[in-house]
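Here are my notes on this one, as numbered points. Have the model open while you read.

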Amino acid sequence: MGATMNKEKHLELIQGVIARMANCSFLLKGWAVTLVAAIFGLAAKDTNPKFVLISYFIVPFFWLLNGYFLSQERQFRELYDSVRKSSTASSDFDMNTESFAKGNASWLNSMLSVPLNMFYIPLILVVIGVMLFL
């Protein structure tokens with residue numbers, strides 16, 4: 001019975017990490033929009049369109065960072081499935097996800113995923129549009 005409890009506790013630990021990664025991804029999207037909006041406000045207030053150029057660095061940086069957190073979340077989801085499907089009831093509480101850092105869970109695939117593309121590509125298009133009209 002103790003071994004089964006260890007496996008359940010291990011799954012709970014992994015689930016906690018997954019939840020934190022998802023929360024970080026959500027917060028990054030909020031910060032990206034907030035900073036871009038603040039930069040637009042500065043550009044309009046001072047009528048200096050050069051402020052918008054900062055957005056060209058901020059948006060890709062947040063996209064990279066969000067891709068990293070999504071990659072980590074996917075790797076921990078695969079670890080969760082691996083632990084869940086393991087035939088042994090015991091757990092060594094291993095949290096190493098290196099073996100899962102490929103395919104769909106790689107950083108590049110995560111960055112180019114549909115959810116991130118649907119968020120960051122329109123944000124980049126808005127930045128470009130604002131720059132063209134200022």
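**Notes on the model**

1. Arg 84 and Asp 81 pair up through their side chains in a salt bridge, 3.3 Å from N to O; the term here means a side-chain nitrogen of Lys or Arg within 4 Å of a carboxyl oxygen of Asp or Glu. They sit three residues apart in helix α2, so about one helical turn separates them. Helices (H or I, at least four residues) are DSSP runs, numbered from the N terminus. Arg 84 is partly exposed at 44% relative accessible area, and Asp 81 is partly exposed at 33%. The cut-offs: buried is under 20%, exposed over 50%, partly exposed in between (1.4 Å probe, protein chains only).

2. Some ground rules: this is a predicted model, where local features need pLDDT of at least 70, side-chain atom pairs count only at pLDDT 80 or more, and totals for chains, interfaces and linings use all residues. Residues are numbered from 1 along each chain as its sequence is written, and side-chain values use heavy atoms, with hydrogens and water left out.

3. How many salt bridges does the structure hold? Three. Another one in α2 (residues 55–85) joins Glu 73 and Arg 77 at 2.8 Å, N to O. Glu 73 is buried at 9%, while Arg 77 is partly exposed at 43%.

4. Over in α1, Lys 9 and Glu 12 are three residues apart and their side chains meet at 3.7 Å, N to O.

5. His 10 also belongs to α1 (residues 2–45) and is buried, with 2% relative accessibility. Leaving out residues up to four places away in sequence, His 10 touches Val 83, Ser 91, Phe 93, Asp 94 and Met 95 (contact: heavy atoms within 4.5 Å).

Technical notes:
Helix = DSSP H or I, 4+ residues; strand = E, 2+ residues; numbered from the N terminus.
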